Amino acid sequence: MAQAIQLPSLGMARPTHREEEPNRRQWSPVKSMESPVWLREAYDRISALAALKNNWDTYGGLPVASRAILGARVLLSNLDLEGFPKPHLAPIPDGGIGLHWRILGRDLEIEVEASGVVRYLKTHVGGESTDGEVRSLQDAQEALNWVLGT
Amino acid sequence: MAFAFGPLRWMVPHFGLFWNEIRADYPKFEVRPPIGQFDFEFNAMGPEAIVKFPVRCWFINDESNRLIQVQNNLFFHNWRRPTPDAPYLHYGDLKPVFENEWKRFCAFVGRNEMGPPNVLSCEVSYVNHLDRGVGWQSFSDLSVVFPSFGSFNGRGFLAKPETVLLNASYVMPSNEGRLRVQVQPAIRQSDGKEIIQLTLTGSCRPASSEVTELMRCLDLCREWVVRGFDDLTSENMHKIWRKK
């Protein structure tokens with residue numbers, strides 16, 4: 001049975017990215033908007049998705065839920081994304097957000113559902129796929145590292 | 001608030017011993033990488049093993065709103081608002097706490113024969129998160145918040161910048177210290193919100209390591225932080241903050 005990630009604890013979890021020197025002294029962790037270079041653009045894309053109205057796809061697609069927006073933002077601000085290309089960010093008809101990376105034949109889709117549940121789908125080079133729930137930032141980072149082949 | 005001092009002969013066991021003394025007030029800890037540049041040494045093959053692996057320890061109180069950071073040449077005390085509704089603790093509330101904790105640290109250092117810390121620098125930092133949508137919208141137009149900073153638009157070839165980062169420093173009279181200002185577009189990791197992080201750090205070199213002198217320096221640093229903040233930020237932002 002899927003279980004919703006507790007978003008506040010996501011945010012308070014141990015940062016998985018490299019700690020940035022100017023921010024080391026402070027307590028409330030922040031991530032620079034400069035790194036990776038596409039982060040600014042990805043955030044703008046999420047803001048655009050947040051503005052979608054009912055029936056945005058003409059097939060009855062729901063507006064993107066605020067929990068999905070929050071979940072996608074928290075994921076992007078807590079993962080170590082250095083070296084990764086910008087993900088394709090797309091709305092999902094049930095009110096979620098999908099983040100998709102394709103690197104050297106490996107596909108990773110991370111879906112933040114309207115309820116806040118986060119799931120992944122890995123599609124391997126040969127075409128077989130595995131899926132599961134992302135229960136922590138560590139799970140998400142491991143899935144990302146997989147798509148990079150590390 | 002922080003003091004930087006000459007390196008102490010502070011070894012790994014001292015973290016545990018010190019924590020034992022403050023544990024009733026700071027029951028949680030985290031081990032973090034040190035601040036600044038350090039040499040890491042590890043040699044298990046020589047006639048005498050060398051293990052030099054500097055760390056910094058965080059000691060956190062039960063309410064998770066106060067933090068002591070210790071490494072062999074730094075002592076910090078941080079406060080943060082645990083929830084948006086929690087009362088704001090002012091400098092006047094926090095300074096006596098810092099003074100007491102510093103005295104407790106010095107007593108520990110003295111008892112463990114590391115000598116009194118020779119304080120090289122006193123520091124007061126204010127970290128402000130300015131949420132996007134509250135008085136400002138665009139990372140490329142920081143002049144709404146900081147009227148003297150300009151737009152950074154190109155004269156013709158360049159359009160608006162995507163983001164702007166700023167670092168500025170101001171020298172105190174008689175070269176006693178500096179106010180450093182850092183403006184950084186950032187994302188707050190706890191809720192993924194886009195913010196401008198405005199950090200003002202006043203630092204100065206004390207004439208001695210006497211507590212009264214150290215407290216005077218903290219007061220000076222704090223005055224520069226408060227007056228600097230007021231001087232750099234716009235009237236419009238002041239109005240918004242007064243309303244909150």
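**Entry 1. A bridge in β7(B)**

I began with Ala4 of chain B and looked up its bridge partner in β7(B), which is Leu74(B). The model I am reading is a predicted one, and I keep that in mind for every entry below.

Strand β1 of chain B, residues 2-5, runs antiparallel to β7(B), and three bridges join the two.

**Entry 2. The other neighbour of β7(B)**

I next looked for a further partner of β7(B) and found strand β6 of chain B, residues 66-71. This pairing is also antiparallel, with six bridges. As one example I noted Gln69(B), whose bridge partner in β7(B) is Phe76(B).

How many residues separate β6(B) and β7(B) in their hairpin? I counted two residues between the strands. I therefore record β7(B) as paired with β1(B) and with β6(B), by the criterion of at least two bridges between paired strands.

**Entry 3. Cover over β7(B)**

Is strand β7 of chain B mostly covered or mostly open? I found that five of the six residues in 74-79 are buried, so the strand is mostly covered. For the chain as a whole, I noted that 25% of the 244 residues of chain B count as buried.

**Entry 4. Chain B overall**

I listed the secondary structure of chain B as four helices and 11 strands. Along the principal axes, the C-alpha atoms occupy a box of roughly 65 × 45 × 40 Å. I also checked the contacts in chain B with a separation of 6 or more, and 59% of them join residues 24 or more positions apart.

I recorded the division of chain B into domain 1, residues 1-117, and domain 2, residues 121-244. Their C-alpha centres are 26 Å apart. To the contact between them, domain 1 of chain B contributes 10 residues and domain 2 of chain B contributes 10 residues.

I then examined the side of domain 1 of chain B that touches domain 2 of chain B. Two elements of chain B, β1 and α2 (91-111), each supply at least two residues there. Which element gives the most to this side? I found that α2(B) does, with four residues. By class, this side of domain 1 of chain B holds seven nonpolar residues, three charged residues and no polar ones.

I close with a link back to the opening entry: β1(B), which pairs with β7(B), also supplies residues to the side of domain 1 of chain B that touches domain 2 of chain B.

Notes. Residues numbered from 1 in each chain as written. Chains lettered and ligands numbered in written order. Predicted model: local features only at pLDDT ≥ 70, side-chain atom pairs only at ≥ 80, totals over all residues. Buried ≥ 20, exposed ≤ 12 C-beta atoms within 10 Å, placed from the backbone. Domains from an automatic or database assignment. Contact = placed C-beta atoms within 7 Å. Nonpolar A, V, L, I, M, F, W, Y, C, P; charged D, E, K, R; others polar.
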